[in-house]
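Okay, thanks everyone, let's get going.

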Amino acid sequence: MGSMVAHLSMTKFSSMNLVQYSAKDALSHDFSNILSPGVINKRLWGAVRSLGSLQPYANPRNSYPAPNENSNGFIYAKVFGGFEKIRSSICDLITIARLLNATLVIPEIQESTRSKQISYKFKSFSYLYDEEQFIASLKNDVHIVKSLPEHFKAARRSNDFPIFKPKKSASLNFYIKEILPKLKKAKVVGLIITDGACLQSILPPSMSEFQRLRCRVAFHALQFRPEIQILGRQMVERLRAWGQPFLAYHPGLVRDSLAYHGCAELFQDVHTELIQYRRAQMIRQGIISGKLNVDSHLRRENGSCPLMPEEVGLLLRAMGYPSKTIIYLAGSQTFGGQRVLIPLRAMFANLVDRTSLCSKTELSDLVGPETPLPPDTFKVSRTKSDAELKEEWNKAGPRPRPLPPPPERRIYPHEKEGWYGWITETDKEPSPSPMDLRRQAHRLLWDALDYIVSVEADAFFPGFNNDGSGWPDFSGLVMGQRLYERAPSRTYRPDRKTIAALFNSIRDNMYHPLRDWTLSVKEHLNRSLSEEGLIRQSLLSKPNSFLSHPLPECSCRISSLENTKTKKGKDGRVLYGDEHECPKWMQSAGAVGVRNDDTESAEGDTDVVEQQERDDPDFPSSLMSLIDRDEEWDPND
């Protein structure tokens with residue numbers, strides 16, 4: 001009793017204040033006495049030398065006339081979907097406008113229209129992208145206008161013009177034979193794009209200029225509005241301010257993808273029910289034809305489910321990344337919340353995201369001034385009166401009746417106020433509230449910031465790409481732009497089926513693997529960085545999204561550095577190689593840059609490992625112990 005009184009008195013009269021945790025301060029503390037700037041471990045962060053001869057080159061190669069002044073008409077489009085679907089759809093629209101010699105009206109992004117309660121300063125497309133830059137950059141490819149001429153607007157409001165909803169794999173013949181005649185007749189045609197694409201990904205070799213046009217749109221014309229670019233660059237500068245490289249990781253845990261592949265059993269509690277509810281919706285809509293209940297663990301072994309954050313942390317640790325590695329978590333939403341990130345955060349404490357690097361003021365300024373909306377409040381269901389309960393009892397049927405069920409567990413208010421609270425009260429998902437629609441528009445901005453940081457990162461690790469759904473994915477777009485701009489940068493392309501087999505072999509001792517397992521992980525991930533990973537990416541990703549693998553159409557090769565053999569698939573399509581030779585003005589500059597990278601001394605590698613061993617208290621148990629173990633080592637000894 002005396003001890004309690006003493007401690008309570010000290011607490012009451014103490015003048016000590018609580019210190020607010022800050023990710024920036026934590027990073028500063030971790031790297032205050034670490035390696036000197038500029039010294040990095042090239043085995044973890046160095047460029048992939050075998051890809052050093054690839055250079056970005058999306059300029060027209062052959063005769064490429066300017067767009068005809070007398071166009072066949074106007075095309076306007078409504079684009080549905082999230083960030084990755086919007087970006088992919090706009091690239092297809094430009095290609096179609098060029099193919100049909102049509103004038104394109106700036107596409108309407110449905111996620112950021114005024115009806116979604118966004119700021120009055122923006123209008124659909126300008127909420128995310130720079131309109132003026134978009135129009136000016138493509139002036140030699142397609143005529144683009146901000147709106148239809150006045151004499152066409154009334155007819156559009158009354159739906160007098162033909163409207164098409166093309167499939168994501170629509171062919172060139174569909175547009176030439178079906179849409180072009182009606183475009184010439186009506187002078188205006190509308191397109192509704194919902195699947196993230198409206199043109200087949202792989203085009204015939206004779207249409208390579210259209211593929212390069214896609215690259216010019218995605219990697220040059222589609223620039224974010226200046227406020228997004230400035231804040232994105234500031235985030236990259238803040239990550240690099242500590243003098244250490246950083247890795248970007250996108251989990252890819254999206255509800256639609258998880259429901260499409262039947263990965264519900266990888267989660268717990270309410271999240272499993274939410275995935276199953278969405279999967280049932282997809283079955284009713286005809287999006288998928290499979291069963292509602294599937295074995296998620298078999299799907300995971302087949303590579304159809306994402307790598308969970310815990311597994312990614314173990315893979316990075318096996319590669320030799322120290323526990324103080326800076327990891328940027330990309331993605332506007334991670335299904336499962338912070339719970340699924342706990343194991344990864346335990347292994348890598350410097351796991352940061354946009355909220356760690358940006359203040360609330362910076363993020364609110366990016367959104368712009370918005371009209372206030374009532375907060376989302378959960379409406380408690382009405383309690384039944386005694387008279388209603390008696391009436392139900394009297395209508396329950398003939399006696400003898402079974403005993404009434406025991407009272408249900410009380411559902412507390414905090415369990416009802418989340419975005420998933422409806423599932424505890426009803427079997428039908430409610431329509432999005434005005435605040436939900438506004439948050440969906442905000443996610444476009446958060447994805448844009450994450451996209452900038454992921455493209456500029458020293459290394460990138462995808463949690464779920466090539467998912468087989470046919471929809472474009474965030475990781476795929478990032479990997480495609482990194483391949484285009486800086487092909488030698490470290491972009492991991494893991495085979496989830498191989499990784500699942502590796503984890504199944506150590507499922508009982510995931511945190512204490514044998515040395516052979518660690519070497520197998522290193523071998524697989526290092527191969528995924530080079531030609532082997534690119535060939536696999538070309539086979540799996542390119543048929544669904546050209547932007548995820550823009551080779552060989554949008555690159556050239558410095559021939560003086562290496563001779564690469566062309567590899568083709570069974571259908572005769574080029575999988576790797578066959579890039580054109582770079583122009584002379586690129587040959588000299590590119591060759592000098594690559595040679596300088598290759599001739600850098602690697603003497604710092606061993607010094608870095610020794611320095612990490614001294615500075616990182618977890619280093620002996622996380623890396624050196626893995627190196628010293630043999631096959632007979634038993635973690636229980």
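I'll go through the disulfides one by one, and then turn to a couple of other cysteines. Keep in mind that this is a predicted model.

So, how many disulfides does the structure hold? There are three. If you number the bonded cysteines in sequence order, they pair up as 1-4, 2-3, 5-6.

Let's start with Cys 215 and Cys 554. Their sulfur atoms sit 1.9 Å apart, and the two form a disulfide. Buried or exposed, then, for Cys 215? Its relative accessibility is 0%, so Cys 215 counts as buried. Cys 554 is buried too, again with a relative accessible area of 0%.

Next up, Cys 263 and Cys 305. Here the sulfur atoms of the disulfide are 2.0 Å apart. What about the handedness of the Cys 263 and Cys 305 link? That one is left-handed, with -100° about the S-S bond. The pair links distant parts of the chain, 42 residues apart, and each cysteine is in a loop. For Cys 263 that's the loop between helix H10 (255–261) and helix H11 (270–285). For Cys 305 it's the loop between helix H12 (296–301) and helix H13 (309–319). Both Cys 263 and Cys 305 are buried.

On to Cys 556 and Cys 582, joined by a disulfide with an S to S distance of 2.1 Å. The torsion about their S-S bond is about 95°, so we're back to a right-handed disulfide. Cys 556 lies in strand E13, and Cys 582 is in the loop between strand E16 (580–581) and helix H24 (584–598). Those are distant parts of the chain as well, 26 residues apart. Cys 556 and Cys 582 are both buried.

Cys 198 has 0% relative accessibility, so it counts as buried. And Cys 358 is buried as well, at a relative accessible area of 6%, where the cut-off for buried is under 20%.

Methods: Residues numbered from 1 in each chain as written. Predicted model: local features only at pLDDT ≥ 70, side-chain atom pairs only at ≥ 80, totals over all residues. Heavy atoms only, no water. Disulfide = S-S within 2.5 Å. Buried < 20%, exposed > 50% of the residue type's maximum accessible area, 1.4 Å probe, protein only. Helix = DSSP H or I, 4+ residues; strand = E, 2+ residues; numbered from the N terminus.
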